[in-house]
Amino acid sequence: MRCHLLIPALLKPAASTNGLYENLSAPALRTLLARATPARESEVDMESWLCHAFGAEKQQDWPVAALALAADGINPGAAYWLRADPVNLQVDRGQLLLMDSRVFPIAQDEADQFIRVLNSQFADRGYVFQAPHPQRWYLRLDKAPNLQTSPLDRVVGKNVDDFLAMGADGLHWQGVCNEAQMLLHEHPLNQVREARGELPINGVWLWGGGHLAMLSRKPFTQVWADGHLPRSLALASAIPWASLPPNAEKWLKQMPVQDEHLIVLDQLQGAVLYHDPGRWRSGVKELETSWFAPLLAALKRGRVAAIIIVADGSSFSITRKDSWKWWRRSRPLAEYTH
């Protein structure tokens, strides 16, 4: 049985570490990386890696919206879909910074109110917004625009001006987003939210556009993840999916006999996106205790045949035989950044 661990934000670019790895021992993780065979991955970010792994054909974007909508229980049909996720936009030193729903609560009734006002504004243009989940909003178009967008995770905490929609229709959709911002900014519900000490929802971020397409690969026999995209791809591929167990010991106890498992450990991503080094370090220590140490022990005992760690454009493959190669000395984690 082979265990694939997808861990975004585990290995940060060297230029941005700033002592992040100092005195961070994580001995099991260091052993796994030192004794593994490293390789470069063709896709760096999590969305691209997952879509590529499952054989989702890239259109102008990876068609995340249509796949996610289907997993949310709505048939995408033949329409073109975009994610239109709720965001908070803040002016900071002349830049417009984007925050996503990791840092603000939103209830379904609030999402429904915002969706109604958006549809009232844009329905005559054939744009239909839907929110089957309060954190996941969608926009339906009758035909595909000439548009390339940036995934939400790539924009969080950054200046949105560096990630504006591109393509022949890019300027039009930048205007639509500006119009939506003004509309949401003035919505009375945001005054209520701010009175409660919550961030206003004053914008939508369009990304992940495309038509629903068949997936060409079934690379895993089981997917374990809490995130919506891995679940969406598993459902579209008719691959069994389950929520992420709290630790490897629990996972090993319920592990079925199938031989290719994908485990998505994305707990570190929010800490990196929101520049919280303390939370990132705590997250690595928790993964060390909950996942890396027990999996290394299981590998040595033969309960796991191989472990493949995929992180930020690199992969590290280690077999049971490799795990005993003591002469491959552990190195500081910072040396694996790139």
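## Salt bridges

A salt bridge here is a side-chain nitrogen of Lys or Arg lying within 4 Å of a carboxyl oxygen of Asp or Glu. Keep in mind that what you're looking at is a predicted model. By that rule, the count comes to 16 salt bridges. The general idea is simple: side chains of opposite charge can pair when their charged atoms come close.

Start with Asp100 and Arg102, whose closest N and O atoms sit 2.4 Å apart in a salt bridge. Asp100 is buried, with a relative accessible area of 5%, while Arg102 is partly exposed at 39%.

Glu260 and Arg2 form another salt bridge, with their closest N and O atoms 2.9 Å apart. This one ties together distant parts of the chain: Glu260 belongs to strand β10 (residues 260–264) and Arg2 to strand β1 (residues 2–6), and the two are 258 residues apart. Glu260 is buried, at 18% relative accessible area, whereas Arg2 is partly exposed, at 37%.

Strand β1 also holds His4. With a relative accessibility of 10%, His4 counts as buried. Setting aside residues up to four places away in sequence, His4 touches Phe220, Glu260, His261, Leu262, Ile263 and Ile308.

## Helices α4 and α7

Two packed helices are described by the angle between their axes and the distance between the axes. For helix α4 (residues 108–122) and helix α7 (residues 188–195), the axes come within 10 Å and cross at roughly 150 degrees. Angles over 145 degrees count as roughly antiparallel, and α4 and α7 are therefore roughly antiparallel to each other. On the α4 side, the contact is made by Glu110, Gln113 and Phe114, and on the α7 side by Leu189, Asn190 and Arg193. Sorted by type, the residues of this contact are two nonpolar, two polar and two charged.

## The two sides of α7

Which residues of α7 are buried? They include Leu189, Asn190 and Arg193. Seen down the axis of α7, the buried residues fall within an arc of 100 degrees, so they line one face of the helix. An α-helix has 3.6 residues a turn, so residues three or four places apart point the same way.

What covers the buried residues of α7 includes α4 and α6 (170–185). Over on the other side of α7, Pro188, Gln191 and Ala195 are exposed. Just after α7 comes Gly197, which takes a positive phi of about 85 degrees.

## Around Leu69

Leu69 is part of helix α3 (residues 64–71). Is Leu69 buried or exposed? At 0% relative accessibility, Leu69 counts as buried.

Leaving out neighbours within four places in sequence, Leu69 is in contact with Ile74, Pro76, Trp81, Pro132 and Tyr138. Take Trp81 as one of these contacts: Leu69 and Trp81 are twelve residues apart in sequence, and their C-alpha atoms are 8.5 Å apart in space.

Terms used:
Residues are numbered from 1 along each chain as its sequence is written. This is a predicted model: local features need pLDDT of at least 70, side-chain atom pairs count only at pLDDT 80 or more; totals for chains, interfaces and linings use all residues. Side-chain values use heavy atoms; hydrogens and water are left out. Axes are lines fitted to C-alpha atoms, for helices over the stretch in contact, and angles run from 0 to 180 degrees between N-to-C directions. Helices (H or I, at least four residues) and strands (E, at least two) are DSSP runs, numbered from the N terminus. Angles under 35 degrees count as roughly parallel, over 145 as roughly antiparallel, 65 to 115 as roughly perpendicular and the rest as oblique. Contact means heavy atoms within 4.5 Å. Ala, Val, Leu, Ile, Met, Phe, Trp, Tyr, Cys and Pro count as nonpolar, Asp, Glu, Lys and Arg as charged, and the others, Gly among them, as polar. Buried means under 20% relative accessible area, exposed over 50%, partly exposed in between (1.4 Å probe, protein chains only). The arc is that of the directions from the helix axis to the C-beta atoms.
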